[in-house]
Amino acid sequence: MLQFIRNASGPLPVLRRIGTLATCAPHGAQGDLHLVPNAALAWDNGLIRWVGPERELPHEFQGWENWDAAGRLVIPGLVDCHTHLAFGGWRADEFEQRIAGRSYQDIARAGGGILSTVARTRAAGTTVLSDRAAHFLLEMLSLGVTTIEAKSGYGLDLDTELLLLRIYRRLAGDGPVRVVPTFLGAHTVPAEYRDRRERYIDLVIRRMIPAIATERLARFCDVFREDGAFSVAESRRILGAGKAVGLVPKLHADQLTSGGGAELAAEMGAASADHLECISEAGIAALASSGTVAVSLPLASLYLDHRPLPARKLIDAGVPVAVATDFNPGSAPSYHLPFAMTLACTMQRMSPAEVLMGATIVAARAIGVEAVAGSLEPGKAADFAVIDAESVNQWLYHLQPNACTMTVIGGKRVHPVSN
């Protein structure tokens, strides 16, 4: 299994000459980054001690080791709050099929889609799945991503679902990226249960969820609420069973049709409702009253040629909007969160500031880590990225393969790695 390099460098307790620092503190409007020009950042033992204008750096930090940001932009470590990290194979053939006019549903009915990845994942084995996932994480952290949510859902049997979640637990222990696991056994009904739908739901509720709770393998329970996947009533039962053993609800909601997914997310007190391309006005109102985070996945909208989530309506209604990749082998085969952020600006009319908040503190809230990650405030983890840009606008406007020059997690530099 690919291991992360831990001895990247010694401690870097004071970062100086920051051109602009975006603290992304949680108070204020979604577009309020709480910017600090000409800033410095000090940390100790992996936690932020002080942040503010460099001219005001307290005397106690003056003799500490320095690191030079060279006038660049500094942001909190990015949080990708919706990924399907571990899977077998790819689905490049479906890419061409969609270009030729076949729909997501058409491909799924013909045996493609999720079920084709399930077959490849079941056949892949632990080593292949672990090594691939670890490689993806290394690539993500080079982009400035320091925390991700990782879903199961490509096993759809007890053994493989447990295997995927155990891989996530191992990756979280190996570090340095913070990995938050989500159980998605209700991704779709597997082929062997096609004519025994209720038996599969019973398997999820009576065997998978209790086993996951016993091993404490997941923090969240997710369901794909969609025509062809799971109904509102079925989703309510599955999420309720998860909630009864401490798994916080999440939902894939209103992606292909407006089917009451957002309303169910609000009803269940879900941490997030993700996709929402087809959300209704009633769904927007329900999310606004519940505090549930809406998670935008513009890469999926791009690849499926669907209208994107109505971000402006959601933000104007008071719904916090996160931005994530939906990294998976079918509808969003990219883990490039900065690219997804640029798409959120152009496709969803979110401002760059709103998008950065959506990929930091709002995303952290969507996966329950806002107390430790997502903003640069004293007491939180010293997770940050140095971006080769003069401003957030410049960064997201000028698309580059990678503008991140340094990623720091828990006060230790993990990209680039020095030998």
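Q: Which element gives the most to the lining of the second largest pocket?
A: In this predicted model, α14 gives the most, with 3 residues. The elements that give two or more residues to this lining are α13 (352-358) and α14 (361-366). Helices are DSSP runs of H or I with at least four residues, numbered from the N terminus.

Q: What makes a residue part of the lining of the second largest pocket?
A: A lining residue has an atom within 4 Å of a point of the pocket, which is an open set on a 1 Å grid over the protein atoms alone, where a 1.4 Å probe fits, with protein on both sides within 12 Å along at least five of seven lines. The second largest pocket has 15 lining residues, and P26, G28, P320, V362 and R365 lie nearest its centre.

Q: How is the lining of the second largest pocket divided by class?
A: This lining has 8 nonpolar, 4 polar and 3 charged residues.

Q: What volume does the largest pocket have?
A: Its volume is about 480 Å³, whereas the second largest pocket has about 260 Å³. A volume is the space filled by probe spheres set on the grid points, which are joined across faces, edges and corners.

Q: Which element gives the largest share of the lining of the largest pocket?
A: The largest share, 4 residues, comes from α2.

Residues are numbered from 1 along each chain as its sequence is written. Totals for linings use all residues of the predicted model, whereas local features need pLDDT of at least 70 and side-chain atom pairs count only at pLDDT 80 or more.

Key
Heavy atoms only, no water. Nonpolar A, V, L, I, M, F, W, Y, C, P; charged D, E, K, R; others polar.
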